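Morning, everyone. I'll go through some helix packing and then a strand.

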Amino acid sequence: MADFKKSTVYQIYPKSFYDTNDDGIGDLKGVTAKLDYIKDLGVDYIWLTPFFVSPQNDNGYDVEDYYHIDKRYGTMQDFEELAQEAQKRGIRLMLDMVFNHTSTKHQWFQKALSGDEKYKNYYIFKKGKKAGVPPTNWESKFGGNAWEYVEKFDEYYLHLFDVTQADLNWDNEEVRKEMQKIIKFWMKKGVKGFRFDVVNLISKGAFEDDYQGDGRRFYTDGPNIHRYLKELHETTFGTDAEIITVGEMSSTSIENCYEYAGEKSNELSMVFSFHHLKVDFMGNEKWVMVPFDFQKLKHIIFQWQTKMCQHNAWNAVFWCNHDQPRVVSRFGNTEKYWKESAKMLATVIHCLRGTPYIYQGEEIGMTNANFTHISQYKDVESLNHFKILQQKGLSAENAYSILQIHSRDNSRTPIQWTAEKNAGFTKGTPWIEVIKNYTHINVESQINDENSIFNHYKKLIQLRKENNIIAYGDFEALAENHSAIFAYKRTYQGETLLVINNFYGYEVTWDTEMNLSQYQCILSNYAESKIENILTLRPYESIVLKK
Ligand code: GLC
Ligand code: CA
């Protein structure tokens with residue numbers, strides 16, 4: 001059995017990872033070329049975001065053909081070579097299954113458009129409420145109404161994301177069979193992990209106007225979702241105990257996650273949830289500029305840790321992915337305490353109860369892009385919302401400030417391998433600009449430096465392997481109301497672990513009301529940390545104590 005509780009997953013966004021043929025786009029061969037680096041980091045799995053045939057309107061999350069590799073990324077032979085080389089190094093592959101929708105270029109959708117009833121039934125076509133009025137007032141996650149009119153049928157199709165990403169009709173058994181076939185195809189190729197994109201949106205409920213929100217309450221964690229996941233489990237990956245799965249759960253509830261990721265529910269191994277990353281939003285509104293709410297951040301993480309533990313369910317734990325800004329820019333410090341804060345943030349996540357995910361570049365403390373012109377942005381969501389913000393009356397300058405904080409492109413810039421031109425990512429012109437700070441933030445300068453952020457991640461991955469308490473221990477929140485400390489306790493078979501972090505750039509004290517003399521410091525982000533019962537922590541100081 002795959003022990004995913006001791007494992008760490010490394011996420012690769014191939015487009016920005018490493019380019020081997022100098023067309024400016026990262027490719028599968030580029031991943032193979034860097035396997036020794038990934039092996040050195042010590043992770044067990046790599047999750048590859050979609051590299052399937054796609055028009056790339058949403059960078060591959062708009063799949064045109066689930067069985068073939070997009071030429072930009074290489075060939076099936078490249079994939080097989082990557083799989084073999086990874087296996088040689090004890091690294092397993094996790095693929096990204098985008099099953100809520102397909103590209104409108106997918107042959108199923110094309111057949112649907114040609115009037116073929118079988119394939120029309122693969123999607124969600126509905127009549128408008130009246131001429132010119134879509135079936136519901138639901139909003140697309142990328143902006144605008146979620147329905148697109150097709151004149152030929154005088155009907156609309158649903159797209160919760162881009163207009164070129166048509167939602168599939170999971171209530172149609174034929175669709176579910178197609179999805180099973182795809183998973184089996186990749187299982188045969190030796191794939192041992194699957195990530196399911198926005199999978200809690202696949203079961204749509206009532207098609208009604210939403211007068212309280214954007215429509216999400218009608219299709220999130222929908223009526224048949226658990227049945228469909230159990231069916232997928234039973235007919236595909238559930239037959240191989242070595243396979244691990246993670247579901248991306250959009251705006252989910254914790255009660256649903258007990259079931260999605262419950263040890264005995266036969267659905268998925270674990271879940272990504274995002275509530276802790278909305279602490280710099282205004283409610284569900286992302287395109288605003290507000291400082292992050294530290295108390296809320298702690299409260300949400302503590303709640304998910306405690307309750308998922310009580311219900312024997314498993315979290316994926318993370319700060320970063322290809323949809324999130326860089327964490328050191330978001331909750332840390334990119335100037336004076338860049339290194340300290342990046343390490344502190346890593347420790348907070350990696351000692352939690354759950355499987356940690358590292359997003360490429362996070363392990364060297366990569367920062368937000370800070371683009372200053374719209375021509376530098378590539379992401380469909382960012383481009384749409386830039387327009388919407390200006391339609392709402394914001395100046396371009398204000399709209400830029402918001403993009404600089406929230407745009408998904410912040411994390412999609414090329415990996416900074418070296419201090420050479422284009423950060424050593426490509427010899428061509430990169431598809432998206434390299435961040436200028438590559439001259440001092442890069443892989444080359446960190447791998448051999450004992451004190452680097454990279455080596456801190458390495459230690460954390462190792463600690464999880466060596467300490468059952470990190471992998472299996474129970475969770476308890478500490479210092480819940482402290483204004484700067486993020487602390488928690490893990491317990492397992494008579495052992496105790498204390499993870500204590502100063503989340504801010506100034507010195508703080510905390511009376512632990514514990515006798516810390518029996519504890520040993522097993523990790524710190526300062527050369528020497530002073531352990532006293534009344535603790536004084538320096539800026540972003542982070543310590544892990546064990547008894
Ligand atoms: C997920 C992906 C994101 C994509 C969306 C639609 O949230 O992580 O990148 O745009 O689903 O597929
Ligand atoms: Ca390339």
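Start with helix α11 (residues 338–350) and helix α15 (residues 453–466): their axes come within 10 Å and cross at roughly 15°. That makes α11 roughly parallel to α15, a label for angles under 35 degrees. Axes here are lines fitted to C-alpha atoms, over the stretch in contact for helices, with angles from 0 to 180 degrees between N-to-C directions. Helices (H or I, at least four residues) and strands (E, at least two) are DSSP runs, numbered from the N terminus.

A word on the source. This is a predicted model: local features need pLDDT of at least 70, and side-chain atom pairs count only at pLDDT 80 or more, while totals for chains, interfaces and linings use all residues. Residues are numbered from 1 along each chain as written, chains are lettered from A and ligands numbered from 1 in written order, and side-chain values use heavy atoms, without hydrogens and water.

Second pair. Helix α6 (residues 173–188) and helix α7 (residues 225–235) pack at about 40°, axes 10 Å apart.

Now the strand. Is β12 buried or exposed? In β12 (residues 244–248), 5 of the 5 residues are buried, so the strand is largely enclosed by the rest of the structure. Buried means under 20% relative accessible area, with a 1.4 Å probe and protein chains only. Ile244, Val246 and Glu248 point one way, Thr245 and Gly247 the other.

Methods:
Parallel < 35°, antiparallel > 145°, perpendicular 65-115°, else oblique. Buried < 20%, exposed > 50% of the residue type's maximum accessible area, 1.4 Å probe, protein only.
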